[in-house]
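Notebook open, viewer loaded. I want to go through this one piece by piece and jot down what I looked up.

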Amino acid sequence: MDFEQARFNMVEQQIRTWEVLDQDVLDLLFAIRREDFVPPAYRTLAFADLEIPLVEGERMWTPKLEARVLQELELEGNESALEIGTGSGYFTALLANSCADVTSIERIPVLATEARAKLDRAGLSNVRIEVGDGARGWGKDTYDAIVLTGSTPVLPDEWLSQLKPGGRLFAVVGDAPAMTARLIRWSAPGAGPRRGPGAAMRPAGLPANPQAFFNPLWARFARLLAIACLTTFAVDVARAEDLLQIYRAATANDPVLASARAAWLANQEAVPQAQAGLLPAVNLVGSATGVDYNTTIRSDPTISIHQRFPQYAYTVNASQPLYRPQNWIALDQARSQIGQGDYVLASSQQDLIVRVAQAYFDVLLASFNIELTESQKAAVSENLAQAKRNFEVGTATITDTNDAQAKYDQIVAQEISAQNDLDNKIAALRAIIGRLPRELKPFTRKYEPEPPMPNALEPWIEKAISENFQVRIAQANYDIAALEVDRQRAGHYPTLDLVASFNQGYAGAAASTALSANFASDSRLAQIGLQLNVPIYQGGFVSSKVRQAVANQEKARQDLEFARRTAQLAAQTSFSGVASGVAQIKAFEQALASAQVSYDSNKLGLEVGVRTNLDVLNQQQQVFQTRFNLAQSYYIYLINTLKLKQAIGTLSDADVEKINRDLEV
């Protein structure tokens, strides 16, 4: 794995998109090797947007959360910091590079020991790690910055008393699900702390709007914390959920993505297993035997011999492959499988984005359809009542009343169908995020669609053919199949191993009919040599395996071609959907304006007697239908935008965040 490239991607794709723009913080993320602080089993996930598990249920913060908290603390290099919860030691290392000295408290001894070793290897000597419970403060010293890496039900006064003037305290306060990120500043002696968003009370002497004291980005940061860290930070249940919140919930709970992550972790073991075929193998075999020997010699006189004695032995066998071409090829295959696993996981993540967006917009559209149906029902009901009144006074015929009644009955049926459709769409979203969603946030302002850039099909197709993740997966599968042909052909080649063995045994006597006494014996035997194995004929087994591998290689070749054509088709259809979606949205906007004008004209015509109630009703339904079509065209355009980026392999969390910003006022 290219850790430097992964580190660069982490900074550019995760950190910057969370508005971490402090260059000192970004440089520090490049300087401190995060992969050296995560557990070895998760080293290849060091830069993923995940909370990596530690021991006893503890977890590391995500990289973007670490970076954002560090930026908000605004450490000046000559300050002191107190960290409650050392964890892996990575955030401790960030603090140590930003402060003069750091005191870190860890309640789990094994984590404290491991973190100390990692910090020593990183050359950080300005950190003091202590084992204990810092839930109620620590010692009598005061600090410029205090960071709680876990959470606390309430904010103890002991922590506030340990802040120096101008000091900052970051903590997560509350019990699940009502937990809030707080940033507190101590402005001056006697002024009291300033609390960030989520403070339950306003300390004496502070203005009614305590947020005025803070970095203006903090309010957005606190909201993003609530979105991203579902297990640590909670969202106000009274607020509607937006697309980003739903996506974060899906990232944490979607079983398809969880399965892909587990498969990815399992796939990482392919290389160690293949390397085992090139490394020495040592076996120890021991035995302990009790011998009870009885024999009778039929002589004159008859002689009976009875012996009882122990026997002990052990043998150590060792072998080192010297020439095994199959094993070297298997190692190359394993490395290709690791790369393929990366593509599979990335493809699953992109697929989740599209599935979440599709389910989210389906619920919005179904909700909008219910609103339109209810509006139509109200209008049709009013027209039905008017038609009945007109019939009673003789200004309309019974046909008008029957037409209005038929329209009303039809709308009632549509309302039932629309409600059922909404229930199904909510159920589909629930299957992804693992819970019922709250009210979803719709578009609240006019959305301006943009054509694809570049606005030409060929560049998108060319990139899809080479960069699409399904194409990359198929290419890796073809490479593995080609190596399999070489591996099976290597079955015809000889193998050479260096072998050695050592045997030591002890026997209390010997099972023998000798009339003389048997004596105990010790024996030792050591051997070392070369073992050559030349396959001559195995019944055609190897040749058959080669033919099978060649056929599988051809299958992989055709699968690769199919993946390329599928990617090309996906790019073309998505490009057309985006390009036509721009024009379609503008056309529906104009159609809605025209339908509204026509509706107003029909209402006026009804008043002067040149239009009937049915004319007005039909035109009103046209307005409602056009509004629905316009909303649908918005959502289809956005889905095609995501699918177009998925086709070329560039779809990421940043695209979800961009759409989410477009949903907001």
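Predicted model: local features only at pLDDT ≥ 70, side-chain atom pairs only at ≥ 80, totals over all residues.

**Entry 1: the whole chain**

The chain has 665 residues, and 43% of them are buried. For secondary structure I get 17 helices and 11 strands. I also looked at contact range. Taking contacts between residues at least 6 apart in sequence, 68% join residues at least 24 apart.

**Entry 2: α1 against α2**

Next, helix pairs. Two packed helices are described by the angle between their axes and the distance between the axes. I started with helix α1, residues 3–15, and helix α2, residues 23–31. Their axes come within 9 Å and cross at roughly 150 degrees. Angles over 145 degrees count as roughly antiparallel, so α1 is roughly antiparallel to α2. The crossing of α1 past α2 is right-handed.

Which residues meet here? From α1 I noted R7, F8, V11 and I15, and from α2 L26, L29 and F30. By class, the contact of α1 with α2 has six nonpolar residues, one charged and no polar.

**Entry 3: α8 against α12**

I then looked up helix α8 (residues 243–253) and helix α12 (residues 398–433). The axes are 7 Å apart and the packing angle is about 55 degrees. At that angle α8 and α12 are therefore oblique to each other.

On the α8 side the contact uses I246, A249, A250 and N253. On the α12 side I see L429, I432 and I433. The contact of α8 with α12 splits into six nonpolar residues, one polar and no charged.

I searched the whole structure for aromatic pairs and got nine. I followed up the ones at W61.

How are the rings of W61 and F91 arranged? Their centres are 5.3 Å apart and their planes sit at 70 degrees, so I log the pair as edge-to-face. This pair links distant parts of the chain: W61 is in the loop between α2 and α3 (63–73), F91 is in helix α4 (residues 90–96), and the two are 30 residues apart. Buried or exposed? W61 is buried, with a relative accessible area of 9%. F91 is buried as well, with a relative accessible area of 5%.

W61 also pairs with F170. That pair is edge-to-face too, at 5.8 Å centre to centre and 90 degrees between the planes. F170 is in strand β5 (residues 163–175) and W61 in the α2–α3 loop, so the pair ties together parts that are 109 residues apart in sequence. F170 is buried, like W61. I wrote W61, F91 and F170 down as one aromatic cluster.

Two backbone items went on the list. M453 and P454 are joined by a cis peptide bond, with omega about 0 degrees. P454 is found in the loop between α12 and α13 (457–467).

The other item is E74, which is not a glycine but has a positive phi, near 50 degrees. E74 lies in the loop between α3 and β1 (80–84). I have E74 down as partly exposed, with a relative accessible area of 39%.

Last, I checked the surroundings of two single residues.

A567 lies in helix α15, residues 541–608. A567 counts as buried, at 2% relative accessibility. What is A567 in contact with, leaving aside its neighbours within four places in sequence? I get A464, N468, V471 and A647. For N468, the C-alpha to C-alpha separation from A567 is 6.5 Å, although they are 99 residues apart along the chain.

N283 lies in strand β8, residues 281–297. N283 is partly exposed, with a relative accessible area of 47%. Leaving aside its neighbours within four places in sequence, N283 is in contact with T315, V316 and N317. I logged the V316 spacing as well: N283 and V316 are 5.7 Å apart in space, C-alpha to C-alpha, and 33 residues apart in sequence.

Key: Residues numbered from 1 in each chain as written. Heavy atoms only, no water. Axes fitted to C-alpha atoms, helices over the stretch in contact; angles between N-to-C directions. Helix = DSSP H or I, 4+ residues; strand = E, 2+ residues; numbered from the N terminus. Parallel < 35°, antiparallel > 145°, perpendicular 65-115°, else oblique. Left-handed = near helix turned anticlockwise from the far one by under 90°. Contact = heavy atoms within 4.5 Å. Nonpolar A, V, L, I, M, F, W, Y, C, P; charged D, E, K, R; others polar. Phe/Tyr/Trp six-rings, centres within 6.5 Å; stacked < 30°, edge-to-face > 60°. Buried < 20%, exposed > 50% of the residue type's maximum accessible area, 1.4 Å probe, protein only.
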